[in-house]
Amino acid sequence: MASDMDRHEQDQTEQEQKPAKKTAKHDSGAADLEKVTDYAEEKEISSQDIIGAMSLIGDKHSRETAEKAAKQKELAKVTIRKEDVELIVREMEIPRSVAELKLREHHGNVVNALIELTN
């Protein structure tokens with residue numbers, strides 16, 4: 001009977017020690033994770049910073065739109081022949097607007113426009 005009591009006490013001691021080992025195992029994993037994880041402090045963004053960023057984005061968009069409009073205006077000045085447009089549309093099987101744009105970009109030169117379209 002004494003051996004049964006000793007065995008019972010020993011089983012209880014082992015059971016108490018096992019959960020302690022598991023929590024220690026998990027704690028070390030969390031500590032390791034904290035070592036490799038980057039922490040970014042939460043900072044409050046001021047409304048002035050937001051307004052400044054939005055104005056920069058708006059200015060850039062306006063500048064790009066103005067440049068695109070200027071380029072379109074320059075391309076519209078280039079004269080192209082209707083026969084050249086028809087040739088490119090028929091041979092390359094592309095929309096008329098694309099054919100006109102490529103011809104205008106190459107100042108009406110059919111050969112250069114075709115070379116760009118094939119590359």
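**Fold and packing**

Modeller: Read along the sequence, the protein chain follows the pattern α-α-α-α-α, and please keep in mind throughout that this is a predicted model. The chain has five helices and zero strands.

Biologist: How much of the chain counts as buried?

Modeller: Of the 119 residues in the protein chain, 9% count as buried. As for contacts between residues at least 6 apart in sequence, 39% of them join residues at least 24 apart.

Biologist: Which residues make up the largest nonpolar core?

Modeller: The largest nonpolar core has seven residues, namely Val85, Ile88, Ile94, Ala99, Leu103, Val110 and Ala113. Each of H3, H4 and H5 supplies at least two residues of this core.

Biologist: And what does Val85 touch?

Modeller: If residues up to four places away in sequence are not counted, Val85 touches Ile80, Arg96, Ala99, Glu100 and Leu103.

Biologist: Let's take H3 by itself. Which of its residues are buried?

Modeller: In H3, the buried residues are Asp84, Val85 and Ile88. Seen down the helix axis, these buried residues fall within an arc of 100°, so they line one face of H3. On the other side of the helix, Lys82, Glu83 and Arg90 are exposed.

Biologist: Why would residues three or four places apart point the same way?

Modeller: An α-helix has 3.6 residues a turn, and therefore residues with that spacing point the same way.

Biologist: What do the buried residues of H3 pack against?

Modeller: They pack against H4 and H5.

Biologist: Now H4. Which of its residues are buried?

Modeller: In helix H4, which spans residues 96–105, the buried residues are Ala99, Lys102 and Leu103. They cover an arc of only 100° around the axis, which puts them on the same side of H4. What covers these buried residues includes H3 and helix H5, the latter running over 110–118.

Biologist: Changing topic, how do H2 and H4 sit relative to one another? What are the axis distance and the crossing angle?

Modeller: The axes of helix H2, residues 47–77, and H4 come within 9 Å and cross at roughly 85°. That makes H2 roughly perpendicular to H4.

Biologist: Which residues meet there, and of what class are they?

Modeller: On the H2 side Lys71, Leu75 and Ala76 meet Leu101, Arg104 and Glu105 of H4. By class, the contact of H2 with H4 has three nonpolar, no polar and three charged residues.

Biologist: Last topic, backbone torsions. What is phi at Glu93, and where does the residue sit?

Modeller: Although Glu93 is not a glycine, its phi is positive, at about 55°. Glu93 is placed in the loop between H3 and H4, and with a relative accessible area of 71% it is exposed.

Biologist: And what about His107, buried or exposed?

Modeller: His107 is exposed, with a relative accessible area of 63%. It is found in the loop between H4 and H5, and its phi is near 55°, a positive value in a residue other than glycine.

Biologist: Could you put the two torsion cases side by side for my notes?

Modeller: H3 is followed by Glu93, with a positive phi near 55°, and H4 is followed by His107, whose phi is positive and near 55°.

Technical notes:
Residues are numbered from 1 along each chain as its sequence is written. This is a predicted model: local features need pLDDT of at least 70, side-chain atom pairs count only at pLDDT 80 or more; totals for chains, interfaces and linings use all residues. Side-chain values use heavy atoms; hydrogens and water are left out. Buried means under 20% relative accessible area, exposed over 50%, partly exposed in between (1.4 Å probe, protein chains only). Helices (H or I, at least four residues) and strands (E, at least two) are DSSP runs, numbered from the N terminus. The arc is that of the directions from the helix axis to the C-beta atoms. Contact means heavy atoms within 4.5 Å. A nonpolar core is a set of buried Ala, Val, Leu, Ile, Met, Phe, Trp, Tyr and Cys residues joined through side-chain atoms within 4.5 Å. Axes are lines fitted to C-alpha atoms, for helices over the stretch in contact, and angles run from 0 to 180 degrees between N-to-C directions. Angles under 35 degrees count as roughly parallel, over 145 as roughly antiparallel, 65 to 115 as roughly perpendicular and the rest as oblique. Ala, Val, Leu, Ile, Met, Phe, Trp, Tyr, Cys and Pro count as nonpolar, Asp, Glu, Lys and Arg as charged, and the others, Gly among them, as polar.
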